[in-house]
Amino acid sequence: MTNLVEIANLNFGYNSRLVLKGINLTVPKGSLVAIMGLSGCGKTTLLRLMGGQLRASEGTVTVAGEKLNDLSQAELYRFRRKLGMLFQFGALFTDLSVFDNVAFQMREHTDLSETFIQDLTLLKLNAVGLRGMHHMMPSELSGGMARRVALARAIALDPQLMLYDEPFTGLDPISLGVIGQLIRKLNDTLGTTSVLVTHDVQESLKIVDYIYFVSDGVIVAQGTPDEIRGSDLPFVHQFIWGEMDGPMPFHYPAQSLKHDLELMGG
Amino acid sequence: MTNIVSGIRIVGDRTLKIVERIGAIASFLFSILIHSAASFKRFSLTIREVYFAGVQSLIIILVSGLFVGMVLGLQGHETLQRYGSEDSVGVLVALSLVRELGPVVSALLFASRAGSAITAEIGLMKATEQLSAMEMMAVNPISRVVAPRFWGGVISLPLLALLFSAMGIIGGYLIAVVLIGVDSGSFWSQMQSAVDFEHDIVNGIIKSLVFGVAISAIATFEGYEAPPTAEGVSGATTRTVVSSSLAVLALDLVLTAFMLKGWN
């Protein structure tokens, strides 16, 4: 199986602070891969590097045969037509209706007739179960529905690579399950390759093919869901089972309690 | 001595920041201009912004114009009658409005009403990742979001300024002719002979075009560069109103000086 995404010896930092260090990662075509880790560990940065929103300080990011480091702004825009991205809270255009949101890319990038765009848009909305809401505005949707509309918009032009940034955040259990199943179903039926950034362990383990664990900018573990569930690495164990203490300590580093209480005059 | 040095350092630092910001706005304006093709090819995008920035500012512009004209009528009549030339009140009202008050006051109102709205809208689109989403869909936000709003503002302001002046003249007529009893024929005929189309009306339109460019560039820039937080957007909105108002007043001085000298 060939790889759609290949990241080699990647270093990335904001100013002098390195956020990602020596990342090597591959995503085979047709697979659904999760990148997991604690908040602030660099996983969203990794996703943005794959989408060309950020450029690697060192190393290479190759997506669909294009080395993103070398692309000009115009080439980057052309490359992004191969991508779809679902943002954390959907990022629907609030001044456009559900229908116009999904039709947006078709109108911007194709010469399709309005009748054809209408049919395609309704089919995309049907795929996420919201054809009946095409006339509504984003402000009238629940969080889960907005996420589904954003998903329909992201797949509007049948992208080669789908990027999901925390798609489960803030959803009720039913919406969460629906989004999870839709991500898997759309990946398989459209023949897309998907990268999912999340810290929702239980939902992700149900749907993904492979997992990379990032901690403090480094890949600390990787494997299939079964391998991850059975992992005896302390960090992975703490993360998967939500343990309070472990390699990630409960207490933020500080002086001794006695010292601080004396300081406060206690 | 140390205080003086640190004072000079602060002044220098602030001056540099202001110059840097003006440079950033100029560079942003250049970027808007080279990404403006879509705003004209798909003119409906710009027309939509003319509606939001222009049509929705109509009420405040028309009402303000009427009141300003009424006040001019009252003040003008009061002053001119001392010299026995109260029949010239129409000239005073028309020239004040067409040359100065129409372009300047409508620009200040436009900056507060539409400029702040443009900044807040673009800033919130950024904060809610709508601009990032657009970039990821291979659509340039400058071309799709910023440029139509910029041109919407540039087209709207001269039209609003003309309407402001027209309403002001009606206000002046209501006070001077209907209320005080100045001769209607003198009011209109003196105005007609004194107001020159090229020197007064066209120069007024040029002023409001320049103000439209300045306000729209500042409003879109502040929105686009706003930190993506509630505090960031609110700060950007305030900066739009303050910077636009100061820019309008400063540009008005420069333009008036050139116009009075006849651009030579």
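The model is predicted. Chain A touches chain B through 15 of its residues, which meet eleven residues of chain B. Helix H3 of chain A, spanning residues 98–109, gives the most to that side of chain A, with four residues.

**Helix H3 of chain A**

- The buried residues of H3(A) are Val98(A), Asn101(A), Val102(A), Ala103(A), Phe104(A) and Gln105(A).
- Two further helices of chain A, H4 (114–127) and H5 (143–154), are included in what covers these buried residues.

**Where chain A touches chain B**

- On the chain A side, strand E6 (83–86) and helix H3 each supply at least two residues.
- The four residues from H3(A) are the largest share given to this side.
- By residue type, the side of chain A that touches chain B has eight nonpolar, four polar and three charged residues.

**Thr60 of chain A**

- Thr60(A) sits in strand E4 of chain A, which runs over residues 58–63.
- Thr60(A) counts as partly exposed because it has 14 C-beta neighbours inside 10 Å, whereas a buried residue would need 20 or more and an exposed one 12 or fewer.
- Apart from neighbours within four places in sequence, Thr60(A) is in contact with Ala8(A), Lys67(A) and Asn69(A).
- Asp200(A) lies 140 residues from Thr60(A) along the chain, and the C-alpha atoms of the two are separated by 28 Å.

Key. Residues are numbered from 1 along each chain as its sequence is written. Chains are lettered from A and ligands numbered from 1 in the order in which they are written. This is a predicted model: local features need pLDDT of at least 70, side-chain atom pairs count only at pLDDT 80 or more; totals for chains, interfaces and linings use all residues. Two residues are in contact if their C-beta atoms, placed from the backbone, lie within 7 Å. Ala, Val, Leu, Ile, Met, Phe, Trp, Tyr, Cys and Pro count as nonpolar, Asp, Glu, Lys and Arg as charged, and the others, Gly among them, as polar.
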